[in-house]
Amino acid sequence: MSYILIAGVVVLVVVAYMLGKRSTNDHVNSCVDKHKPKVVSTVNIEDLSDATAFCRCWKSGKFPYCDGSHNKHNKGCGDNVGPLLLNRRS
């Protein structure tokens, strides 16, 4: 029984240590409108084509639209992020 208690304490200490090592500067957005306190993009539905892809990786040069930059990001770090696709119903 004491081994279980010791193992539990060790797990809690390791988890607390790992959480403490996380950087507070791990920003998702590295380049889009950094001068603004919050990035908010508005697109009127009337302006959308039949299919529109919106960026979710914050790496697109055409933000808020997707330009495929997530492919390089995914290959570089093993992530699986992709665009938000909006399709107009016929």
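Student: Why is phenylalanine 63 called partly exposed?

Tutor: This is a predicted model, in which local features need pLDDT of at least 70 and side-chain atom pairs count only at pLDDT 80 or more, while totals for chains, interfaces and linings use all residues. Residues are numbered from 1 along each chain as its sequence is written, and side-chain values use heavy atoms, with hydrogens and water left out. Buried means under 20% relative accessible area, exposed over 50%, and partly exposed in between (1.4 Å probe, protein chains only). Phenylalanine 63 has 23% relative accessibility, so it counts as partly exposed.

Student: What makes phenylalanine 54 buried?

Tutor: Its relative accessibility is 12%, so phenylalanine 54 falls under the 20% limit and counts as buried.

Student: How many aromatic pairs are there?

Tutor: Rings of Phe, Tyr and Trp (its six-membered ring) pair if their centres lie within 6.5 Å; planes under 30 degrees apart count as stacked, over 60 as edge-to-face and the rest as tilted. By this rule there are 2 aromatic pairs. In one of them, the ring centres of phenylalanine 54 and tyrosine 65 are 5.4 Å apart and the planes meet at 25 degrees, so that pair is stacked.

Student: Which parts does the pair of phenylalanine 54 and tyrosine 65 tie together?

Tutor: Phenylalanine 54 lies in strand S1 (residues 51-54), and tyrosine 65 in the loop between S1 and helix H2 (69-77), so the pair ties together parts 11 residues apart in sequence. Helices (H or I, at least four residues) and strands (E, at least two) are DSSP runs, numbered from the N terminus. Tyrosine 65 has 32% relative accessibility, so it counts as partly exposed.

Student: What makes the pair of tryptophan 58 and phenylalanine 63 stacked?

Tutor: The centres of tryptophan 58 and phenylalanine 63 are 4.8 Å apart, with 20 degrees between the planes. That angle is under 30 degrees, so the pair is stacked.

Student: Where does the search of the whole structure find a salt bridge?

Tutor: The search finds 1 salt bridge. The term means a side-chain nitrogen of Lys or Arg within 4 Å of a carboxyl oxygen of Asp or Glu. Lysine 36 and aspartate 33 have their closest N and O atoms 3.6 Å apart, so they meet the rule. Lysine 36 is partly exposed at 39% relative accessibility, and aspartate 33 is partly exposed at 30%.

Student: Why is threonine 52 called buried?

Tutor: Threonine 52 has a relative accessible area of 8%, so it is buried.

Student: Which residues does threonine 52 touch?

Tutor: Leaving aside residues up to four places away in sequence, threonine 52 touches Tyr65, Leu84, Leu85 and Leu86. Contact means heavy atoms within 4.5 Å.

Student: How do you know that S1 and S2 pair?

Tutor: Two strands pair if DSSP finds at least two bridges between them. S1 and strand S2 (residues 84-87) are joined by 4 bridges and run antiparallel, so they pair. The bridge partner of threonine 52 in S2 is leucine 86.

Student: Where is confidence lowest, and where highest?

Tutor: pLDDT is the predictor's confidence in each residue, from 0 to 100. Confidence is lowest in helix H1 (residues 2-21), with a mean of 60, and highest in H2, at 89. The protein averages 77, and 69% of the residues score at least 70. Where pLDDT is low, the predicted coordinates should not be read in detail.
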